[in-house]
Amino acid sequence: MKKLILFLYVVFFVLSAQAKPVELVFWHGMAGHLGEEVKLIANDFNQSQNKYLIKPVYKGNYVETLTSFAAAFRAHHPPAIVQIFEVGTAIMESPKGVIKPVDELMQEQGLSLPKEDFIASVREFYSKNGQLMALPFNLSVATLYYNKDILAQAGYSPANFPRTWAEMEVLAVKLKKAGYDCTYTTAYPGWVLFESFLAIHGLPLTQNNPARAVFDTPQLVRHFERLKRWHSLHYFRYAGRVDDATILFTSGICPLFSQSSGAYNSLASLVPFNLGVSSMPLDTEVSKKRHANVAGGAALWAVAGQSPEHYKGIAQFFAFIAKPETQKRWHEHTGYLPLGLQGIYAGILQSSQHPTLMMARTDLAGELKEKPLHRFGPQNQIRGINDEVLEAMFAGFLSPNQALRESTVRTNHVLSRFVRNTGKH
């Protein structure tokens, strides 16, 4: 009898162990409401099957998540999946053995992603030599938000809203005369006023052979001179890096505000006025044609060195995220863009009432250059440099020319160090 009980106990223990799902730790940088939406995706996947358990872990903001991942990888205790913002892409790809390319992962597991239906500029950004390296996750684009109520008083509506920097200046003059001491402010100045400006005008950010910045150009000098002039005339107000400028918009001080399209839902719940959205303006003296904007947000990376069983679960999770129904709910609940707007994702475009979607369709699904916007090296550091020089320019410490020269020198130093440390050219 004792032997029978012991046998049954062993069988129960073995079956219980076999039934326990494989845990896959997923580090991310999304707090608050967005963090809850990440948990919801993980929970839905966990409930859709019983072999794998996705465990989301918030690791701080994007920079903190990248820093934590680097330390954990060196200590040989990384997560299975990590969310890294778009300017960390080159860092994730550079040292071999850090990540497992998504295309390789899916092929090994006999699964596929509808890559051809992804937004082309996004797919190209996260691809290397035609191979998808990471799964785009929370996609956004630099967006111009505006206070509809204030602009209506000035005679503006979505139909005649400024589409160019010249038209925005006409609006700024009108608002100044109406008593507003600020027309426009921005979050993430290095992304919005620098990177996004270059992208939609078809201008490069960096190039290689040799690796160097492509900043000190007449087009960018003219753009910086305009920003500096607007600041001195109180058309533009600088309010800090990251999203420090939000309060100037939500309080009605500055009627125009540029920020991520992914911020729409949060802003709509905060502001006491009607919220408008538009694409960032075009400088028609630089380009009369709008090129595809650079996608903001982040992607999910499968970390290298895991077991086949772990990779099987990661591949299934990625396939789950790419489903149209998952993308539709993620888009509607967060304001981030779906992975695609055509093919299997066409239904999202047809059914969505989200104000950012049609605007982003123009911005991200617009015309690509023959070669996508070149991004090379540690873009997170380069963005930090550009944030610093813009801040110094607005504070009066640097002229537009000096700001661009300093940015170029410092960026070239970062690029040369990156090439030396990684062997990339």
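The legends below describe close-up views of a predicted model. Local features need pLDDT of at least 70, side-chain atom pairs count only at pLDDT 80 or more, and totals for chains, interfaces and linings use all residues. Residues are numbered from 1 along each chain as its sequence is written, and side-chain values use heavy atoms, with hydrogens and water left out.

**View 1. The largest nonpolar core has 67 residues.**
A nonpolar core is a set of buried Ala, Val, Leu, Ile, Met, Phe, Trp, Tyr and Cys residues joined through side-chain atoms within 4.5 Å. Buried means under 20% relative accessible area, exposed means over 50%, and partly exposed lies in between, for a 1.4 Å probe and protein chains only. The residues with the most contacts inside this core are Ile 81, Met 92, Trp 301, Ile 314, Phe 317 and Phe 318. Helix α13, residues 308-321, gives the most to the core, with seven residues. Helices (H or I, at least four residues) and strands (E, at least two) are DSSP runs, numbered from the N terminus. Another core, of 52 residues, lies apart from this one and includes Tyr 156, Phe 236, Tyr 238 and Val 414. In soluble globular proteins, nonpolar side chains tend to be buried together.

**View 2. Phe 318 and the residues that it touches.**
Contact means heavy atoms within 4.5 Å. With residues up to four places away in sequence not counted, Phe 318 touches Ile 81, Val 102, Leu 105, Met 106, Leu 113, Leu 135, Leu 300, Trp 301 and Ala 302. Ile 81 and Trp 301 are also among the residues with the most contacts inside the largest core.

**View 3. Helices α2 and α13 pack against each other.**
Two packed helices are described by the angle between their axes and the distance between the axes. For α2 (residues 32-48) and α13 the angle is about 115° and the axes are 11 Å apart. Axes are lines fitted to C-alpha atoms, for helices over the stretch in contact, and angles run from 0 to 180 degrees between N-to-C directions. The crossing of α2 and α13 is right-handed. A crossing is left-handed if the near helix is turned anticlockwise from the far one by less than a right angle, and right-handed if clockwise. From α2, the contact is made by Ile 41, Ala 42, Asp 44, Phe 45 and Ser 48, and from α13 by Gly 313, Gln 316, Phe 317, Phe 320 and Ile 321. These residues divide into six nonpolar, three polar and one charged. Here Ala, Val, Leu, Ile, Met, Phe, Trp, Tyr, Cys and Pro count as nonpolar, Asp, Glu, Lys and Arg as charged, and the others, Gly among them, as polar.

**View 4. A disulfide joins Cys 182 to Cys 254.**
A disulfide is a pair of cysteine sulfur atoms within 2.5 Å, and a search of the whole structure finds one. The S to S distance is 1.9 Å. The torsion about the S-S bond is about 110°, so the disulfide is right-handed. Cys 182 is in the loop between α8 (165-177) and β9 (184-186), and Cys 254, 72 residues apart from it, is in the loop between α11 (246-250) and β12 (256-260). Cys 182 is buried, at 0% relative accessible area, and Cys 254 is buried at 0% as well. Thr 183 lies in the loop between α8 and β9 and is buried, at 1%. Among the residues that Thr 183 touches are Cys 254, Pro 255 and Leu 256.

**View 5. Phe 197 in helix α9 and Leu 227 in helix α10.**
Phe 197 is in α9, residues 189-200, and counts as buried because its relative accessibility is 3%. Its contacts beyond four places in sequence include Trp 165, His 223, Arg 226 and Asp 283. Leu 227 is in contact with Trp 165, Leu 193, Met 393 and Phe 394, leaving aside neighbours within four places in sequence. Leu 227 and Met 393 are 166 residues apart in sequence and 9.4 Å apart in space, C-alpha to C-alpha.

**View 6. His 76 and Val 242 have positive phi values.**
Phi of His 76 is near 65°, and phi of Val 242 is near 50°. His 76 is found in the loop between α3 (62-74) and β3 (81-85) and is exposed, with a relative accessible area of 67%. Val 242 lies in the loop between α10 (218-232) and α11 and is partly exposed, at 41%.
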